Structures are given as C-alpha cells and as structure tokens.
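This briefing is meant for a reader who is meeting this structure for the first time. Please look over the sequence and the model below before going on to the points that follow.

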Amino acid sequence: MDRPSPLTRGCGIRRYVVDVTYTRAGLLARNDEEFAALLALIDELPPERLTEEFSGGARDRNVRDVAAHLYAWHLLLERWYSEGMSGGSPWIPAEGYSWRRLGELNEELRLQWQDTSLAELMPLLRASHQSLQAMVALHEDGELDDPAAFAWTRGSALGEFALECGGNHYVWARETIAAGLGLEAHT
C-alpha cells in the first residue's frame, strides 16, 4: 500500500514510498552517493555563483540557503533520534509545528541561518551527514525497515527518516540549486 512520507506529508509534495526496504547498506550507499553528487555540483560552481541569488521566487534564494536547509534538517533528525532513543517523545517536525505547517517551519529555518556563510556551513553539513550515516550504521536492517521498531517514529520506519533527511533531500538540493541558477538538471 502506498503511504505518504512523514517528511513530505502536508507540504504539497507528493512522494510515495512503494515496496521500499530500508537496509543499512542501501541507505549508507544512497546517502553517500547523493551527498557526493551534491558536493560535486557545489564544487563545480565558480565562486561568484556560490553567492548568486536564485532566479524566481523560491524560498531558498542561494546555495547557502540550500546548505543551511539540509543542515537544519539533519539537526532536527538528530534531536528526534536522541530524544526518541532515550525514551522521550520528540516533537516532529518541531515544537509548535505540524506537517501541515512545514512551509512555515522551513522559512523559520532559512531565516535562522542568514548570518552564516556557505564557507561556515559546509563543514557543518559534512559533519552532520557523517552523523546521519553513523546513526544508520548503528541499526540492523529490521530496525531501519520496521515502522513499529521505535514508538517515537510514530508508524514510520527509521530508514525512511534517514533517507528523507539524507539521499532524497540531497537530490532535492541539487534540483533546487540547478533550477535557481539555471543549470542543466543534476539528478
């Protein structure tokens, strides 16, 4: 049965998971592959394009905003995981927000990072990607794939959270940067 991803539910994106098995090896490989592709795209950009304002009226207005968005979502996942694994019931997606208000949360996250440069954000993003991968590596396939394995995930598989905040989010980031800068698609 198709089910909307908890990380895209209510935000206007219709991404469905169909017969997906979340395995440690699969998640680690996909997350690393998509992260490497994102870094390659950013590294290929001339310095002036790194700070260039995107065309159009998208929420994220430059490469820094996209990197900050990814980093902020890594931090959210780290908080959910830490609270959930210690027996708590974390606010998901964030305190005071529901999935229906995801656009508002994302705008708040964007605004939080306006005084941070891309050069400052990239090491943070690399480190948070490694933390995401370390979290995945701690779990057996059954724990990553079973929506009932952890009560705090509220019926979603931990692997789904890892993929949506990892590999799938990196694809979104490449597409957003490419569209904003008028580049050929990088998917």
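R49, at 19% relative accessibility, counts as buried, where buried means under 20% relative accessible area, exposed means over 50% and partly exposed lies in between, computed with a 1.4 Å probe on protein chains only. The model is a predicted one, in which local features need pLDDT of at least 70 and side-chain atom pairs count only at pLDDT 80 or more, whereas totals for chains, interfaces and linings use all residues. Residues are numbered from 1 along each chain as its sequence is written, and side-chain values use heavy atoms, with hydrogens and water left out.

**Overall build**

- The secondary structure comes to eight helices and two strands, taken as DSSP runs numbered from the N terminus, with helices being H or I over at least four residues and strands being E over at least two.
- Read along the sequence, these elements follow the pattern β-β-α-α-α-α-α-α-α-α.
- Of the 187 residues of the protein, 47% count as buried.
- Among contacts between residues at least 6 apart in sequence, 70% join residues at least 24 apart, a contact being heavy atoms within 4.5 Å.

**Salt bridges**

- The structure holds 10 salt bridges, each defined as a side-chain nitrogen of Lys or Arg within 4 Å of a carboxyl oxygen of Asp or Glu.
- E34 and R30 form another salt bridge, with their closest N and O atoms 3.1 Å apart, and both lie in helix α1, four residues apart, about one turn of the helix.
- Within that pair, E34 is buried at a relative accessible area of 9%, whereas R30 is partly exposed at 29%.
- In helix α3, R79 and E83 are also four residues apart, about one turn of the helix, and their side chains meet in a salt bridge of 3.7 Å, N to O.
- R79 is partly exposed at 25% relative accessibility, and E83 is partly exposed at 30%.
- Salt bridges that share partners join R64, D65, E107 and R110 into one network.

**Helix α5 and its surroundings**

- Helix α5 covers residues 118-137, which makes 20 residues, and reaches 28 Å from its first C-alpha to its last, close to the 28 Å expected at 1.5 Å a residue, the expected span being 1.5 Å times one less than the number of residues.
- The residues L118, L121, M122, L125, S128, H129, L132, Q133, M135 and V136 of α5 are buried.
- What covers the buried residues of α5 includes α1 (24-44), α2 (47-50), α3 (63-85), α6 (141-145), α7 (158-165) and α8 (167-181).

- H169 has its place in helix α8 and is buried, with a relative accessible area of 12%.
- Leaving aside neighbours within four places in sequence, H169 is in contact with H69, L70, W73, L163 and E164.

**Aromatic pairs**

- The count comes to eight aromatic pairs, with rings of Phe, Tyr and Trp (its six-membered ring) pairing if their centres lie within 6.5 Å, and with planes under 30 degrees apart counted as stacked, over 60 as edge-to-face and the rest as tilted.
- Y71 and W113 form an edge-to-face pair, 5.2 Å centre to centre with 75° between the planes, which links distant parts of the chain, as Y71 is in helix α3 and W113 is in the loop between α4 (102-112) and α5, 42 residues apart.
- Both Y71 and W113 are buried.
- W152 and F161 form a tilted pair, 5.9 Å centre to centre with 50° between the planes, and both of these residues are buried as well.
- One aromatic cluster is formed by W73, W80, Y81, W99, W152 and F161.

**The nonpolar core**

- In the largest nonpolar core, which has 50 residues, V63, W73, W80, L105, M135 and I177 touch the most other members; such a core is a set of buried Ala, Val, Leu, Ile, Met, Phe, Trp, Tyr and Cys residues joined through side-chain atoms within 4.5 Å.
- The elements giving two or more residues to this core are α1, α3, α4, α5, α7 and α8, and the largest share, 12 residues, comes from α3.
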